[in-house]
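Reader: I'm new to this one. Could you walk me through how to read it?

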Amino acid sequence: MTSHVADVLIPLALDSTYSYAVPDGLALKEGDVVQVPLATREVVGVVWGLREGPGGNFKKVTGVVDSPSLPPKMRKFLDWIAWYTLAPKGSALAMGLKLVDGDRPEVVRIGVKLAGRLPKRMTPARQRVVEAAQDGVVRLKSELAHLAGVSAGVIDGLIDEGTLETVALLQEPVAEIPNPDFRKAGLSDGQQAAADALVASMHEEHPPVTLLEGVTGSGKTEVYFEAVAEAVRQGRQALILMPEIALTAQFLDRFAARFGAKPACWHSGVTGRKRERLYAGIASGEVKVTAGARSALFLPYKDLGLIVVDEEHETAYKQDDGVHYHARDMAVVRGRIENAPVVLASATPSIESRVNVQRGRYRHVQLPERFGGRQMPQIRAVDLRRETIAKGRWLSPALNLAIGETLERGEQVLLFLNRRGYAPLTLCRACAHRYECPNCSAWLVEHRFRRSLVCHHCGHVERTPHACVSCGSVDSLVPCGPGVERIAEEVAETYPDKRSIVLSSDMPGGTERLRQELAAIAAGEVDIVVGTQLVAKGHNFPLMTLVVVLDADIGLTSGDPRAAERTFQLLQQVTGRAGRGEKPGRALVQTWQPDHPVIAALVSGDAERFYEEETRVREMAGLPPFGRLASLIVSAEERESAEAHARAMALVAQPPPGVTVLGPAEAPLALIRGRYRYRLLVKTEREVDLQAYLRDWLARCPKIRGNTRVSIDVDPQSFL
Ligand SMILES: Nc1ncnc2c1ncn2[C@@H]1O[C@H](COP(=O)(O)OP(=O)(O)OP(=O)(O)O)[C@@H](O)[C@H]1O
Ligand SMILES: [Zn+2]
């Protein structure tokens with residue numbers, strides 16, 4: 001007997017669909033979200049296929065879940081990601097489905113207004129409420145209490161008395177509708193030409209990927225806003241991906257100034273019912289423009305007409321757990337599937353994107369100058385070999401001179417050091433014991449504000465001990481090297497009359513406080529900012545005229561093949577914070593290696609030469625984008641199991657021509673969260689089908705036992 005069979009993909013780490021019989025009378029389409037029995041429980045899954053077949057032995061689909069069904073293009077995208085990253089298909093689906101959390105109750109907003117009847121017993125507090133409510137306006141309880149200067153209890157009392165009545169408030173709209181013609185910025189000629197090129201490309205039959213490369217402060221945002229406006233005019237949707245969406249209040253204001261409404265925001269902080277309504281609004285097409293973190297790529301857009309990836313070179317786009325994907329690259333794939341143009345914006349593009357331009361795969365639109373005739377900052381290296389710095393101090397005389405001059409003129413200074421905490425290493429002066437994480441092969445970092453030692457890899461925290469845990473000596477611990485907190489201490493001592501602030505991602509108060517502090521800096525309420533990479537990117541501080549890089553050499557010595565590129569990008573971004581307002585800016589870069597190509601390129605302002613040289617080095621080494629890489633990390637709670645499994649895998653690797661398998665070797669971070677790690681690195685020529693080779697190899701590998709795990713990272717960005 002034949003009947004309808006549904007092949008259902010379940011959002012768990014499973015690679016194939018399960019077949020279920022469709023009960024008579026249940027109308028199902030592909031993409032529908034359904035409830036099905038799995039072993040002893042009921043789970044949610046998505047109909048990946050429908051067919052006729054002998055369904056007699058299958059369990060039945062329980063029912064359809066009230067959630068937007070996944071459009072065909074979205075399903076194609078998820079299939080593609082699973083194929084490319086070698087993640088189980090169900091794990092790819094989980095990224096799109098776990099977005100909704102329908103279990104939370106809807107928050108109903110209750111308002112109150114005056115009902116007329118006066119309370120039997122009148123008090124001064126009640127009198128104030130009655131007066132405040134006299135205008136008949138419906139207000140939230142908390143608003144009315146605030147207006148009358150009373151506690152919420154007084155309001156509740158008046159509701160019980162029948163003096164106030166409650167009214168359910170209308171829900172806020174899920175997102176306002178942006179108006180593409182609200183207030184167009186007066187673009188410079190260069191900006192207009194760039195915007196025109198983007199808009200024209202949107203009308204092509206197969207819209208291209210465009211690299212929008214413009215120096216820091218050139219106004220790339222204003223330019224891609226014109227493409228967003230065009231997508232909205234076409235009645236389609238636009239997605240703007242950003243590396244750190246939670247901190248972009250400034251961006252939202254600029255968007256609202258251009259479009260008369262804020263975009264919908266999607267990130268992990270959006271929860272509950274709001275999240276569900278946004279998800280539904282994006283599926284129905286009601287939400288026109290979404291700004292979001294990388295997870296916004298997995299929303300079921302009805303008709304996506306544009307994807308912008310802002311700061312496309314950012315490493316935050318790479319997800320390094322679960323499904324290892326790079327949101328920039330996946331945005332390009334999604335754009336192709338949706339037939340939507342993709343704009344990659346950056347002042348310091350990735351080598352990958354630049355090479356794609358050279359190969360003719362991406363278009364190139366450039367903004368070589370800052371907006372409004374502003375100059376790029378003058379950058380000078382401060383050679384640490386020639387400076388004398390007092391012991392336990394980090395600012396050289398040359399820096400202090402420049403800082404003093406800048407403060408004298410009432411301008412702002414940024415001191416940049418990409419190290420959180422007070423000191424990266426703590427040791428005992430008496431016994432030389434070094435404080436190390438019990439779960440990771442890493443030093444504990446002192447955080448003096450929190451009076452604790454913290455592991456930056458697993459989050460382990462212990463109180464900074466009074467006596468050495470190893471030898472018992474009292475007051476014997478010495479901090480080695482600086483973090484931003486230590487620099488802030490030096491700044492406070494050297495410039496006691498100036499207002500200074502430390503900014504890093506782990507300061508107490510979270511995102512909200514950070515947002516306020518960034519606004520305070522932009523408003524000129526701070527003289528000296530000490531910060532990590534958090535302050536380096538994207539922000540616009542009009543009064544900042546001096547940027548100081550305390551240790552330009554930090555990222556240069558790591559074993560990462562992208563070390564030079566990353567350092568160049570970061571330094572270019574941070575020095576680009578100087579001189580964005582009326583006054584010209586300059587930057588000083590402290591280094592032990594002023595002749596290093598990265599530093600030389602930065603100081604000379606010759607980015608082109610740096611990119612050419614770096615691209616040549618990559619090509620000679622056969623590294624991405626001239627070759628392909630995949631990293632396989634084998635981990636286990638016992639070192640022996642991890643090592644044995646990694647060796648067993650290497651034995652059956654049988655790499656064909658064009659493929660090299662390196663290792664296994666202990667990973668640079670040999671222990672993380674109590675798991676020992678070994679790494680195998682696969683390097684292939686560009687034309688090799690890397691995924692096919694990996695699948696083939698993995699099928700030959702011995703079965704994984706016990707707590708051993710193998711994690712696969714295609715196009716790895718981290719080499720730790
Ligand atoms: N056409 C314009 N009209 C008015 N102001 C503009 C215009 N274009 C840019 N600006 C202003 O110039 C400043 C820099 O612009 P924007 O932040 O877009 O630069 P960017 O290219 O993104 O720089 P970065 O890469 O450093 O983040 C902002 O304050 C922006 O408001
Ligand atoms: Zn740790």
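Predicted model: local features only at pLDDT ≥ 70, side-chain atom pairs only at ≥ 80, totals over all residues.

Reader: Which domains give residues to the shell around ligand 1?

Author: Residues are numbered from 1 along each chain as its sequence is written, while chains are lettered from A and ligands numbered from 1 in the order in which they are written. Now, your ligand: domain 3 (189-371) and domain 4 (374-419 + 484-615) both contribute to its shell, so ligand 1 lies between them. Those domain bounds come from an automatic or database domain assignment.

Reader: Which residues come nearest to ligand 1?

Author: A residue is near a molecule if its C-beta atom, placed from the backbone, lies within 6 Å of it. Of the 17 residues around ligand 1, Thr216, Gly219, Lys220, Thr221 and Phe371 come nearest.

Reader: And helix H3 (residues 124-133): which of its residues are buried?

Author: Helices are DSSP runs (H or I, at least four residues), numbered from the N terminus. An α-helix has 3.6 residues a turn, so residues three or four places apart point the same way. Buried means 20 or more other C-beta atoms within 10 Å of a residue's own, exposed means 12 or fewer, partly exposed is in between, and C-beta atoms are placed from the backbone. In H3, Arg126, Val129 and Ala133 are buried. Seen down the axis, they fall within an arc of 60 degrees, so they line one face of the helix; the arc is that of the directions from the helix axis to the C-beta atoms.

Reader: What is exposed on the other side of H3?

Author: Pro124 and Glu131 are. Across the protein, 42% of the 720 residues count as buried.

Terms used
Helix = DSSP H or I, 4+ residues; strand = E, 2+ residues; numbered from the N terminus.
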